[in-house]
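Student: I would like a close look at one part of this model, the sheet, with the rest of the chain as its setting.

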Amino acid sequence: MAERDYDPSLEFPGFENPEEPEQASQIKRQPFSLVLLKSAVLSTKRRVVDITQHLEVSIGRDRPTGSSSSPRLRLKEMAVSKYHAILYWDAQRDMWGLVDVGSVHGTFVQAEGGASRRLSPPKVASHPHFLRHLDVITIGGTHLQCHMHPGKEGACSQCEPNASNLIPLTYPDAIAQKESVPEGHQGTTTVHEGRLAHQYMWTELLYAENI
Ligand SMILES: [Zn+2]
């Protein structure tokens with residue numbers, strides 16, 4: 001094909017900086033949010049956990065410690081172990097995985113229309129369980145639904161993040177004692193995230209009417 005036939009407007013735009021070193025924010029991942037359905041310990045005023053921007057997010061009762069740099073969704077009840085489970089991006093499989101790291105009371109996953117399944121016996125770490133859209137994760141008294149919309153779809157009305165519906169995550173002391181509500185999502189690469197900035201404006205307005 002002669003060079004003059006090349007039409008840049010037909011080219012797949014690609015993802016920003018695909019060759020950059022592996023920074024967490026630059027690895028392409030399937031958009032993944034958790035939507036809070038019901039909880040014994042979290043207020044349902046904030047309903048969305050935006051997982052996509054992280055390579056892994058742990059779940060547990062206590063503040064994360066030690067060498068881990070991943071943030072944690074804290075569920076402060078005794079049915080939840082101090083460090084209970086972890087969600088992580090599996091680049092080989094292109095899927096989000098969930099592992100129970102050896103909790104006492106278990107991690108349960110229910111696929112849409114299926115039965116609830118415990119991932120491992122008490123105090124035994126589970127094999128990775130690969131999550132799908134609309135799976136419901138139950139840990140203690142908290143039920144979280146997985147939302148993984150393909151790139152173009154972005155998000156639905158339930159998982160659309162905005163400035164006031166994000167459930168804050170807790171970072172290890174060594175990193176910073178700050179919450180994870182994103183500040184404009186700079187440096188992120190997914191379609192889902194790229195759309196956030198301008199969606200904030202109107203979703204905030206919509207949300208304000210529902211409080
Ligand atoms: Zn959704």
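This is a predicted model: local features need pLDDT of at least 70, side-chain atom pairs count only at pLDDT 80 or more; totals for chains, interfaces and linings use all residues.

Tutor: Residues are numbered from 1 along each chain as its sequence is written.

From the N terminus on, the elements run β-β-β-β-β-β-β-β-β-β-β-α-α, that is, eleven strands and two helices, where helices (H or I, at least four residues) and strands (E, at least two) are DSSP runs numbered from the N terminus. The open sheet takes six strands in the order S2-S1-S11-S10-S7-S8, with antiparallel pairing; two strands pair if DSSP finds at least two bridges between them. Strand S2 (48-50) and strand S8 (116-118) stand at the edges with a single partner strand each, so one side of each has no neighbour in the sheet. On average, neighbouring strands of this sheet are turned by 25° against each other, direction ignored, the axes being lines fitted to C-alpha atoms and angles running from 0 to 180 degrees between N-to-C directions.

Within the sheet, strand S10 (residues 136-139) and strand S11 (residues 142-147) run antiparallel and are joined by four bridges, and Ile139 stands opposite Thr142 in S11.

As for confidence, the mean pLDDT (the predictor's confidence in each residue, from 0 to 100) of the chain is 79, and 69% of its residues reach 70 or more.
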